[in-house]
Amino acid sequence: MQRRLKDINFLDVVLWILRAVIIGAVIWGSIATIIENPYPINTWVETIIAGVAQGSLYALIAIGYTLVYGVLFMINFAHGEFFMAGILTATIFLAQPWGKSGFLNQHPLIGLAIITILSITISVGIALLTERVAYRPLRKAPRLVPLITAIGASFFWQYFFRGLFGSDVKGFPQLEILTGKISVFGILVLKTHAVVIVSAVLMLIGLYIFVMKTKVGKSIRAVAEDKDVAALMGIDVDRAITITFATGAAMAGIAGVLYALVFRQVHFFMGFIPGIKAFTAAVLGGIGSIPGAALGGLLLGMFESVGPGLFLEGLGIPAPHQLKDVIAFTLLVLILILRPQGILGERISKEKA
Amino acid sequence: MLVLSTNDVTKSFGGLTAVNQFSFDVPEGKIYSVIGPNGAGKTTFFNCITGFYEFDGGKIEFMGEMLNGKSTDQITRLGVSRTYQNIRLFSNMTAVENILVGHHPHFKTYWFEALIPTKRILQEEAEALEEALHLLNFVGLKGLGDQLACNLPYGAQRRLEIARALANRPKLLLLDEPTAGMNPNETVEMIEFIQRLRDELGITILLIEHDMKVVMSISENIGVMDFGTKIAEGTPKEIQRNPQVIEAYLGRGAADG
Amino acid sequence: MIDNKTYSLKDIIKTGLLSGLIALSLSVIGFITLLNKRELVAGILSLGHVFLFSPLIAFAYLSAVRIKDEGKYKILGSGFLIGILTSIPLLILALIEHFYDIRQFLVNVSPDLMEILLFNQGIVAGSIILMLGMGLVGLLAAGLQTLPENIRGPITYALTWTLLIGTFSEILSGRLRSFFGPQFVKIIFVRKALNPLVAGILLLFFAGLEINTQKRKKRDDVKRPWKNLDPRIKNGLGMLLLLLLPLVLGTYLTEVVNNVGLYVLMGLGLNIVVGFAGLLDLGYVAFFAIGAYVMGILTTQGHLGFVSMSFWTALPFSVGAATLAGIMLGIPVLRMRGDYLAIVTLGFGEIIRILALSDMLKNQFGGAQGILQIPKPNIAGFDLVKPEFLFYVILLGVLLALFVSWRLRDSRLGRQWMAMREDEDVAEAMGINLVSTKLLAFATGAAFSGLAGAIFASKLTSIFPHSFNLIVSINVLCLIIVGGLGSLPGVVVGALILVGLPELLREFAEYRMLMYGALLIVMMLLMPEGFIPSEVSKRELHAHEIQD
């Protein structure tokens, strides 16, 4: 016991206090809210489902971060922009004209399918262009360098698309078949939320199979493990990296369509904050791990959605929903202090981290 | 007097016990070697002494002071310096700057005195530089002070790393395979150099080494490690005759046959 | 990078189309249209033209360099071909727009753009002019390469300087007017652009100047009178120049310089954190915000105020609060490395901004309405209202920060930071206490930023949460990278380029971030060590080339 006490230094004490304060505030706030009981049970259920839907979106975007990080150990800061580029283009060129002409409501499935294809195409195109121009020449540079070009690419694409399509918010047409709610096991769920959750789950399962079972997926994992050895084994490293970027961007392209269905508006800046959040989700779950990205996304979405009403309202904070981003980032800090490798992550060795 | 004394030091990673109840004593002024096959846990043991790893059990004493629970920088300040198996210099700093960083524990002025430039700090900096140049000279790198560490040839990098460790004015110097990757000539020079360190500076040296010739020619005492435990200890002559050691090195059954 | 082996027709076509796509991109995002409003030479040349043709000129010249040994006709031919190819994407755009309204999708494909592309002509005549014009420009650009150095030098020198003067003619005409009167200005400038005749004279003048220097260089008697000067006199003269700067620059330019100064101050702080200690901090704006808010709350005469201190009394509190925040942020991130650190600090910056914006702290920080009625600094009962006076306050801050950075860099703390940047574990094994070393870096960086924030609040007299978003952090990071990580003069140069230049070219404002993004990528690809590399980072960032 004596020895253990001596081991604990000043830093540990401070971190423990920090954790205790945050967790204490969360518990205190939650209990106060539960006692006060300001919302009916239905509201809570709705909030949770909204959180799950939001979390599914984060998870889909987070895949892109996690895959690229797994392979190149770089934060692809511009990934949020891949997400934005696809759906913004598809909205301008397809969704809006079709919304006006009524085509989208006459043939919603065909329409959505084509919109999704365009969105994916643009997202993947932008991603590959970025990889080719801004990342590939710098693969052997110190780690700070590609991160900086990624930040540069992020701003470049934002303002490129702003110049292309203008800075105003674009409406995404409402689909009649997706208005209203459906009942799942007696719980009323917004149809859009249901679509988002189901598609996200399907995509994540598909992706998992792709990475784990297919030959291409195996080459990606081999490159993630050790690029030099993979190259010696006859794997085309550049091609594997390209596929990794394309896969992540395709997920982002789909996430873009789902985002537009739920929020029904798109604009040039829409990728930035979800991008950062999705990265947070990837780190939460353990960056480099696909199930981790899914779990992290879900957790983040839930905390953001439920958190303000549950923890903050009980603490007597006015307009707690303004602070949902604070919850997201505090969660990140807390997780990184407790488990620097994320929830499902392997411990990243010092060379990699 | 014992410079270093360990008692039942144990360190495991997950299920693997890398160092298992390792005990030994290093008397002052000796060159003591720890040998053992690859993966025997030698470097892990070094990392326990220098505080890189927190060990799970046992105790380590340095000059009668417990090292348990002390952080790496505190242990260094007590007078323990080390080098690394794969050279780890500050490669984008010059040779002199590297040595000056090693001298760090002996600066007595506060950092903010640099802002006022007090006489004290100017004098201290000048002395530190002089000592660094002296060390550079001592390890035979005279005139290379302004070279970037990464631009030095391999052997010079090894020497610079030792100079950096010496700048701490250590009482105990841990050398992790100092002759790794050297040709026979360089190895001989290094052996002489290590002996000079002990003879001229009076530093106790703890050595991890692979090369048996090196070990046998300079060590006064040898500890043999296998699978994290000490299987033998003694003078080079004793170790050479020890059947357990032969077995560990040449494989089971070799000693009998 | 330059591969001389095979540079075939296919490569020339590729180059031409690439240059055409870039020109097309610049056009459809509205860049060209916007810049067209800034005339360089009245009635002849606008900045829009320069940018429309610049990809072509660059590509034609570069490909001419590649095939420089293959005879004049091939070089000129390739230039012409690249020019024609560059015009093709633009022509396609013009044709589509002519027959089908694509402006409903691409907002910036405006009639104005069509006028620029087609030179105010009809679709047929305009297309021919564009195509031939581009071909001619390509030809000239490639032809420039074939000229001997003693002719090419003066031409490029003269063109560069004349275009630069043309670009800044609005500001120049303003300054010259206040010194020489409107009559003089009218001779040189027409409608805020250079008089064509004057432009011609300038061209000849600069060409002559360059020829003269070249001759001197040959005879080896380049005059550098300042080279032999005593450094103390040099510094003194420099100082005097700085002190007189506001008088020369006038109110508007001094205001620009003040903004640059604040960014230099922040850049110096971040330079310690990122450049010296290697800790990538993306939430640096938080400390700027804290400095500004503390200054605002302590000095405001509005309803949020409760003490109404003076600027000078509140200043230590601002800096102190920012420093404290630097340490408090530092503690939880002490054990995080690299990318994790970046994202957590980014989160911290956002948290601070959201808290300032929230209703929760509205009674303390004013929420979205911010803090108003912050007084200007006051010396001996005299309010420093004009930018010219504030200049001295900022100058003082910058000089202080420069001095501190310089002294610390060369001291033992500087070596500790660099050792930590190189290898954290080994640094610790050298007896360096990582906790205090990291916290000192965070604290010093935060202190500079807090100082900048405090001056910022007082300068604007009102602050809003929106002034403190992530863009500021990114700006500061960009400027220290562009200047050269770890380099002190680099911070100043970086701030001048990234903050000063956009203020002078206000049309750029809308595309500022676009340019930043492109600049960051180009810098990292071509010169990762920045414009004024520090000795250390130069080695580090090229280390991979040595290893290969």
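Predicted model: local features only at pLDDT ≥ 70, side-chain atom pairs only at ≥ 80, totals over all residues.
Helices (H or I, at least four residues) and strands (E, at least two) are DSSP runs, numbered from the N terminus. Two strands count as paired if DSSP finds at least two bridges between them. Strand 1 (residues 2-13) and strand 2 of chain B run antiparallel and are joined by eight bridges. Within this pair, B:K11 has B:V19 of strand 2 as its bridge partner.

Strand 8 (residues 204-208) of chain B is largely enclosed by the rest of the structure, because five of its five residues are buried (under 20% relative accessible area, 1.4 Å probe, protein chains only). In a regular strand, side chains alternate between the two faces of the sheet. Both faces of strand 8 are covered: B:T204, B:L206 and B:I208 are buried on one side, B:I205 and B:L207 on the other.

Strand 8 of chain B runs parallel to strand 3 (residues 31-35), with four bridges between them. Here B:S33 is partnered by B:L207. Strand 7 (residues 172-176) of chain B also runs parallel to strand 8, through five bridges. B:L172 stands opposite B:T204. Strand 7, helix 6 (residues 184-201) and strand 8 of chain B form a right-handed β-α-β unit: with the strands pointing away from the viewer, the path from the first strand over the helix to the second runs clockwise.

Residues are numbered from 1 along each chain as its sequence is written, and chains are lettered from A and ligands numbered from 1 in the order in which they are written. Local features need pLDDT of at least 70, side-chain atom pairs count only at pLDDT 80 or more, totals for chains, interfaces and linings use all residues, and side-chain values use heavy atoms, with hydrogens and water left out.

Note on methods: Buried < 20%, exposed > 50% of the residue type's maximum accessible area, 1.4 Å probe, protein only.
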